Amino acid sequence: MAEPAISSFDVLVIGGGAAGVAAAAELASAGLSVALAEQRPTLGGAYHRQPVGGSARQLRGQRQWLRLLRGLAGAGVEQRLGHVFIGLESDGIAMLDDRAARRIRSIKARALVIAVGAIERVLPRPGWQLDGVMTSGGLQMLLKETGGVPPGDLLIAGSGPLNVAVAADLIRLGRPPVAVIENGNPFARPGAALRLAAHPGLVAEAARHLARLASARVPWLRGSALAAIERRDGRLRATVRMPGGGSRMFAADIVALHDGIRPNAFGLPAETQAQPIVVRAGDCREALGIRAAVADGRHAARQVAAMLAGTVRDGSADRKIGRQRRAQAILHELFRPVDGYGLAALPDDTILCRCEGRTVGDLRLMLAETDAPGLREIKLNGRFGMGLCQGRFCADAVRDMVAAARPAVDGGASGPLSRDRWPLRPASIAALAADDELQEGK
Amino acid sequence: MGASIGGKTVVVVGAGIVGAATAYFLSRSGFAVRLLDANAPASAASGAADGAVSVASKRPGPMMTAALAGIALYRRLERDGPLGGLFHERPTIMVAEDEHEAETLRGHAEALAGAGKQLRHFEGTALPSYLPSVSAHVRLAVEVGEEGHAIGYEVVRRLIAASGVAVERTTPVLELVKSSSARSIAAVATPRGPIEADHFVIAAGGGSAELLGLSGTVRPRKGQLVVTERAPALNASLPGSLMSCRYLLSKDAILAAGGAAGRRFGLVIDPLRTGQFLIGGTREESGDTSNDLAAVRIMLASAVRLLPGIARLRALRAFAGVRSATSDGLPLVGRVPGYDNLIVATGFEGDGICLGPLMGRTVSRLIAGEDCELDLAPFAPGRFERRSLVA
């Protein structure tokens, strides 16, 4: 059987958001050959997500983005758009799923910079698997790509500043949400609010969003929690627990959930200084947001260039990164949930694994057994994290529930539910089986 | 406390399918069992196996005999034992893709028929109506009846639950501690301290080799596998598991090379009850559990050639298991020479799921001093040159 073509580069950057684009440009300008892989048809990532078809209006941040693209343009970076990174196989070859061509592209690189962005946290809730429920981040991508809002009334719930930002976007597009349900109560954390003053950019942004909510009379219900979603009479009915102990019902056609963001190591190869070197950058390394992404991408690029040159670079991070780390810590404190809302309060019939339809009760039964199983046994026998999403939506909640039930479980409940198996995303068998790969790079 | 042959306490090392089955049968016979695992139940080969409970690929001789008994026991444990719902009966369909393979298959089919297996041959126009989704170039298909499939980790879990034994996880055995007479084992040493018993069973797969000083005899042999997304219609089009004849050839090639050879590819496409497919596998002289694109590509390309519709599906994940293989292709089951209370059961290579329950029952009967209904002579642990069994 003919060996498929393998392209070689000094560095493969995975992820065409702000951090990845900044890293690729920096590496190329240092004289290294660089490929930049992006799973979508255009660069941009989450924050700079570009309109599909170019017709939608820009939401924000366009000036910085154009500056980043200009840096990339002259640098000679080879862009691989529509290429999904599906893993680093055991011979050290990075695999990109070229979905349009139905081929797996093999790339041999001396180093990988992984800049695939953060993971949006969404906690399980009764009814979160229903049609019409999406994530706030997903909704925001939809707004950016189409410039429009899907039809019907929208309700936003969960925790974190993104929910407020999405609500403000919706208002700008003429479609205010019925309410924003917030687990935390930033107004009840004066210490943190005071410290936020050191970050006037954030304060201004927050003030702008909140003013928009106020003028559109969108309630921002702090200290409240979305307890359940049901579908009745063709609409979603959300039960919201209020701070005083009572509850309120909201009807909507779309419910957007979001419980913050966190770094993304999901199935990704571990960082290493042995070749192929693996370094993470941007929100997937540490969820610091757009203000740190460019600096972090460049920082990672300089680290990689130094490692490839065999020199040691002083590991001290950029000042900008330290500043955003402090800012994120303050935001985290501001939005810390005040309600006792948590996994322990979920009813048994709450779906935990949406792919395989496994419930919170199924997991509790396993945890109650006398011969209590470890994480991998729970995964295999409980079929948690075994579905099409490969555990993206349930792995955290499963691990947290196991940790809460048995703090000293063997193997450490802090370990991942899934090992770093590839493909990282389900990949076409036709593509994986194809051995007539284009003779590219020759 | 002194070890005694008539005693009722047993330490079983290894909570894979063999150890779990041993614990189950011993508990039922009134023994007090402690089941130890360096990691967790089914954490090695039993949890990364293809799940074939099959005689079809066995060579005539002791393994074919054992596999027949193994299947009979699965059927019984499924019907009135702890494995209800876990053993899924379906035929194995061996296919030949060219004339050379067809010749091999015809010869093998004779041996299977001689062992009493129910066979049906499909050739020419009969083939597409029996296997509508299989590629038209297939020359011959032989359906081997009364075979089945069982998921290793599910069987392990059920057997352990039925045994009532709480597995002692993350408890590796560091060494075997001899008694003062040096004719028996007094205890196993673990990081949590020594554990004494009357009898000791080593069913720790590759770990057994290390404990017993058998590393030259038992070798790791890796197998890579791929699992697909669900495809109920294509899944239902297969009456059983598809096994390419090359699987036999890949086994034979390794034996011809004296138990070690380069990487070999067999092909098994198993329609799982979930609607997914399990595609395997390689035979590689390696003990790691990584997957490489070259191997996955070759496996999937041959799967697509045999079952074209599978090209439309997505692969969910690749994984690998490490079999424990011996140089003559037969397992090590029986008393360890020189010791009167030490039994080993390992080296099943790819047949652990098929033979695990049977071997657990066999070991349990050995300990209880009963007739084990299986000729263990071909599996005698002492049949290889006397390496230091227990250093």
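Student: How far apart do the C-alpha centres of domain 1 of chain A and domain 2 of chain A lie?

Tutor: This is a predicted model, in which local features need pLDDT of at least 70, side-chain atom pairs count only at pLDDT 80 or more, and totals for chains, interfaces and linings use all residues. Residues are numbered from 1 along each chain as its sequence is written, while chains are lettered from A and ligands numbered from 1 in the order in which they are written. The assignment for chain A gives domain 1 (7-118 + 263-310), domain 2 (121-260) and domain 3 (343-405), with bounds from an automatic or database domain assignment. Between the C-alpha centres of domain 1 and domain 2 of chain A, the separation is 30 Å.

Student: Which elements of chain A give two or more residues to the side that touches chain B?

Tutor: Contact requires C-beta atoms, placed from the backbone, within 7 Å; 29 residues of chain A are in contact with 34 residues of chain B. Helices (H or I, at least four residues) and strands (E, at least two) are DSSP runs numbered from the N terminus. The elements of chain A that give two or more residues are helix 10 (375-382), strand 20 (427-428) and helix 12 (429-433).

Student: How do the residues on that side of chain A divide into nonpolar, polar and charged?

Tutor: Ala, Val, Leu, Ile, Met, Phe, Trp, Tyr, Cys and Pro count as nonpolar, Asp, Glu, Lys and Arg as charged, and the others, Gly among them, as polar. On the side of chain A that touches chain B, the division is 13 nonpolar, eight polar and eight charged.

Student: Which residue is the bridge partner of A:Ala427 in strand 17 of chain B?

Tutor: Two strands pair if DSSP finds at least two bridges between them. Strand 20 of chain A and strand 17 (residues 314-326) of chain B pair in the antiparallel sense over two bridges. Within strand 17 of chain B, the partner of A:Ala427 is B:Ala315.

Student: Why are helix 3 of chain A and helix 4 of chain A described as roughly parallel?

Tutor: Axes are lines fitted to C-alpha atoms, for helices over the stretch in contact, and angles run from 0 to 180 degrees between N-to-C directions. Angles under 35 degrees count as roughly parallel, over 145 as roughly antiparallel, 65 to 115 as roughly perpendicular and the rest as oblique. Helix 3 (residues 136-146) and helix 4 (residues 161-172) of chain A have axes 10 Å apart and pack at an angle of about 30°. These two helices of chain A are therefore roughly parallel to each other.

Student: How many nonpolar, polar and charged residues does the contact of helix 1 of chain B with helix 5 of chain B have?

Tutor: Helix 1 (residues 17-28) and helix 5 (residues 152-163) of chain B pack at about 25°, with axes 8 Å apart, which means that they are roughly parallel. Among the contacting residues are B:Ala20 and B:Tyr24 of helix 1 of chain B and B:Val155 and B:Leu159 of helix 5 of chain B. By class, this contact of chain B has 10 nonpolar, three polar and no charged residues.

Student: Which strands are the edge strands of the five-strand open sheet in chain B?

Tutor: The order of this sheet is 2-1-12-19-18 in chain B, with mixed pairing. Strand 1 (residues 9-13) and strand 12 (residues 199-202) of chain B pair in the parallel sense over four bridges, and B:Val12 stands opposite B:Val201. Each edge strand pairs on one side only, and the two are strand 2 (32-36) and strand 18 (332-335) of chain B.

Methods: Two residues are in contact if their C-beta atoms, placed from the backbone, lie within 7 Å.
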